[in-house]
Amino acid sequence: MSQALQVAVIDDSAVVRKHLSGLLEAAGIRVTITASDPLFAWPKLEAAWPDVIVLDVEMPRMDGISFLKRLMREHPMPVVMCSTLTEAGCETTMQALAAGAVGFVTKPKLGLRDFLEDPGNGLVGMVRAAARANVRVMPIAAEGPQSGAKPSMAASVTGSLSSSSFASNAAMAETTDRVIAFGSSTGGVQTIEAVLRQLPRTMPGIVLVQHMPEKFTQSFATRLNSMSELEVLEAKDGDRVINGRVLVAPGGRHMQLRRSGAQYVVEVRDGPLVNHHKPSVDVLFKSVAQCAGRNAIGAIFTGMGEDGARGLLEMRKAGASTLAQDEASCVVYGMPKAAAEMGAAQHVVALSAMPAALLRLCSQGV
């Protein structure tokens, strides 16, 4: 019989610590450490490291983000943030994910006790998933934006088109325009950041699905935009896919590639969950296979489950170049593993080698 997961709960509220501990214990997860702030927690952690830490953000003496950064420098381990977040707090959550948190669960401001006692609040599943994460391979998060202002895009290439202008979606066999499609999930915040920081502004347009809830994808895009030569935007319906631009699928909406004449654009629409996700990588990749074909490059990165694997296979069958992140560099080797096992990935590549591999494929033409 496998040993029960051991978890530390660090939160300044005694009520939260009590109820979260009870919820986890009822699910067969041992809570071995509780503390009201990181400074109280640190000596307990050093004495007996748990498998996962559940961490609040706003605490006395040391906030959760500062503690998380120290922890990931000195003893990398899975951390789940459990905090009360407003819309303005999305940036704080992005900072936590970029600093190495595996995931987060949002505590509501109203009805907190009911939430803490609800087995369906997502915490138990998130803790179990975090325990399987290989956080030691996470790239070191950048501390801030790159120096120097970005050159602005020319007015002629920044416009968007309405969905009514969408034309045929068949792949353009003779076009020289390339499209790159990325898909990622758990561990993807730092992974995608590490890749984009190494890509030049001359890259073909990139369309990206990162599994994230509504509102957080805007903060994700803003962070990536500040740390890359590329222009990174949360996608809107009808946005053009152009060189030097990355379009991030908005949380809670699916994104697909479409054609408008000789141009690539994105369609952003509501719809049912696909592979338990919205946005779904499969939805994006299948649309790229259909309307870009061999003019596309697809890459699937760290993440739990199989979302994107079948779409990547369709891309490969349509003539696209396809890549999957290797196991050694993945935080969670789920999505890339599924893609590799079904023959969807032509190349299995370490994260550190991914930018060079993409540049090489772009230089080969179609």
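This is a predicted model: local features need pLDDT of at least 70, side-chain atom pairs count only at pLDDT 80 or more; totals for chains, interfaces and linings use all residues.

What follows is a tour of strand E12 (residues 296–300) and the parts around that strand.

Tutor: Happy to. Residues are numbered from 1 along each chain as its sequence is written, and side-chain values use heavy atoms, with hydrogens and water left out.

Of its 366 residues, 55% count as buried, where buried means under 20% relative accessible area, exposed means over 50%, and partly exposed lies in between (1.4 Å probe, protein chains only).

Now to E12. Five of the five residues in this strand are buried. On one side sit Ala296, Gly298 and Ile300, on the other Ile297 and Ala299, and both faces are covered.

E12 belongs to an open sheet of seven strands with parallel pairing, in the order E8-E9-E7-E6-E12-E13-E14. Two strands are said to pair if DSSP finds at least two bridges between them. Strand E8 (231–234) and strand E14 (347–349) stand at the edges with a single partner strand each, so one side of each has no neighbour in the sheet. On average, neighbouring strands here are turned by 20 degrees against each other, direction ignored; axes are lines fitted to C-alpha atoms, for helices over the stretch in contact, and angles run from 0 to 180 degrees between N-to-C directions.

On one flank, E12 runs parallel to strand E6 (residues 179–184), joined by five bridges. Within that pairing, Ala181 has Gly298 as its bridge partner. On the other flank, four bridges join E12 to strand E13 (residues 321–325), again in parallel. There Gly298 is partnered by Thr322, and Ala299 by Leu323. To get from E12 to E13, the chain passes through helix H10 (residues 309–317) in a right-handed β-α-β crossover: with the strands pointing away from the viewer, the path from the first strand over the helix to the second runs clockwise.

H10 lies across E6, E12 and E13, at about 155 degrees to E12. Helix H12 (residues 354–363) lies across E6, E12, E13 and E14, running at about 180 degrees to E13. Contact here means heavy atoms within 4.5 Å.

Leaving aside residues up to four places away in sequence, Leu358 touches Ile180, Phe182, Val195, Leu199, Met203, Ile297 and Leu323. Leu358 is also among the residues with the most contacts inside the largest nonpolar core, together with Ile53, Met81, Phe182 and Leu196; that core has 83 residues. A nonpolar core is a set of buried Ala, Val, Leu, Ile, Met, Phe, Trp, Tyr and Cys residues joined through side-chain atoms within 4.5 Å. Its largest share, six residues, comes from helix H4 (residues 90–99). Apart from it lies another core of 33 residues, including Ala235, Val281, Leu312 and Ala324.

One more pair is worth a glance. Gln290, found in helix H9 (residues 281–291), counts as partly exposed because its relative accessibility is 46%. Gln290 and Met315 are 25 residues apart in sequence, and their C-alpha atoms are 7.9 Å apart in space.

E1 and E3 are parallel, with four bridges between them, and Val7 stands opposite Val52 in E3.

For the pairing of E10 and E11, look at residues 254–260 and E11, which run antiparallel over seven bridges. In their hairpin, with two residues between the strands, Gly261 takes a positive phi near 65 degrees.
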